[in-house]
Amino acid sequence: MSDIDTIEKRIPVCVERDGVIYANSRDIAVYFKKTHKDVLEAIDNLLKSLMAENSAMRALFVLVEFETPMTPGRKFRSFDMTKDAFVLLAMGFTGEKALKFKLAYIERFNAMEAVLRDQAVRGDVLVRSLMSDLAEIVTQQIVAVQNLASEVAELRTARDPRIAVQDRLTTYDVAETLGIPKKGRGAKITQIRKSLMKFAAARDVVVVYRHDTQRNEEAFPTSMVAEWQKLVWNVSEVERKAKERSSATGQGVLDFSARRREIRDVQTGSSL
């Protein structure tokens, strides 16, 4: 078997570093059946030419120092070369054997670069997929935290009836709003409280307690109080005043009890 047949069965040695494929001058010397000294001489002559014509190409040759077991502490030169640097160097290698070796090395460079490109594409797809999944997870966690905060707030309200509330009125606030005189308002307060509690129960409104008062009063939503005033209190006051006038004039012809039941049926759909 010839040297050419033996070498053609070997795979040219290339390495990847930081996403770049390199071939080392020592491996090239072995593959091309040359001494490393001859390869270094060819590289030195090439670098001298590049210095004069294209200094940027010099960066394609990376100096790598090494030691041997026989000469510890002594540094020797070698060069890592990119594909372009190898092509420049191999242009000086002539002959049928050299052509086959050059083609084998270039094919090896191309194969490893294709692997890197494929890995980069798959890595990019993977990163985008992971980022999308991460964004979805973060969104779900934010929603979950918001829901949990809402549930905790509801539990605190349910378990602590003295929790501070806003936009709510106590029966005393309502009495003040309605302009009921302070003198002798106790009975009126009791009447308002009972009416509001019944009104809230009919509408499944949660009644909490104001902790900023000395009486631990029930606090009703302002919007509910406004509705109660319109549908219950104002109507009751109109009936009361009409009844007083009727009693005063002796004309008790109105059936106020029936009228009240009719109004309540319209208001709540059931007796309050």
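A: Let's start with Arg 10, which sits in the loop between α1 (3-8) and β1 (15-17). Helices (H or I, at least four residues) and strands (E, at least two) are DSSP runs, numbered from the N terminus.

Q: What kind of model is it, and how are residues numbered?
A: It is a predicted model: local features need pLDDT of at least 70, side-chain atom pairs count only at pLDDT 80 or more, and totals for chains, interfaces and linings use all residues. Residues are numbered from 1 along each chain as its sequence is written, and side-chain values use heavy atoms, with hydrogens and water left out.

Q: Which surface patch is Arg 10 part of?
A: A positive one, formed by Arg 10, Lys 33, Lys 34 and Lys 97. Patch residues have over 30% relative accessible area and no salt bridge; like charges are joined within 9 Å, nonpolar side chains (Val, Leu, Ile, Met, Phe, Trp, Tyr) within 5 Å. A salt bridge is a side-chain nitrogen of Lys or Arg within 4 Å of a carboxyl oxygen of Asp or Glu.

Q: What about a nonpolar patch?
A: Val 127, Met 131, Leu 134, Val 138 and Ile 142 form one on the surface. Together they have about 450 Å² of accessible area, from the Shrake-Rupley method with a 1.4 Å probe. Val 127 is in helix α5 (residues 96-159) and is partly exposed at 47%.

Q: New topic. What is the strand order in the open sheet?
A: The order is β5-β7-β6, with antiparallel pairing. β5 and β6 stand at the edges with a single partner strand each, so one side of each has no neighbour in the sheet.

Q: How many bridges join β5 to β7?
A: There are 3, between β5 (residues 168-170) and β7 (residues 218-221). Leu 169 has Phe 220 in β7 as its bridge partner. Two strands pair if DSSP finds at least two bridges between them.

Q: And β6 with β7?
A: Strand β6 (residues 208-209) pairs with β7 over 2 bridges. Val 208 has Ala 219 as its partner in β7.

Q: Last one: where is Val 232?
A: Val 232 is in helix α8 (residues 222-249), and is buried at 14% relative accessibility.

Technical notes
Lys, Arg positive; Asp, Glu negative; His and termini not counted. Charge placed at Lys NZ, Arg CZ, Asp CG, Glu CD. Buried < 20%, exposed > 50% of the residue type's maximum accessible area, 1.4 Å probe, protein only.
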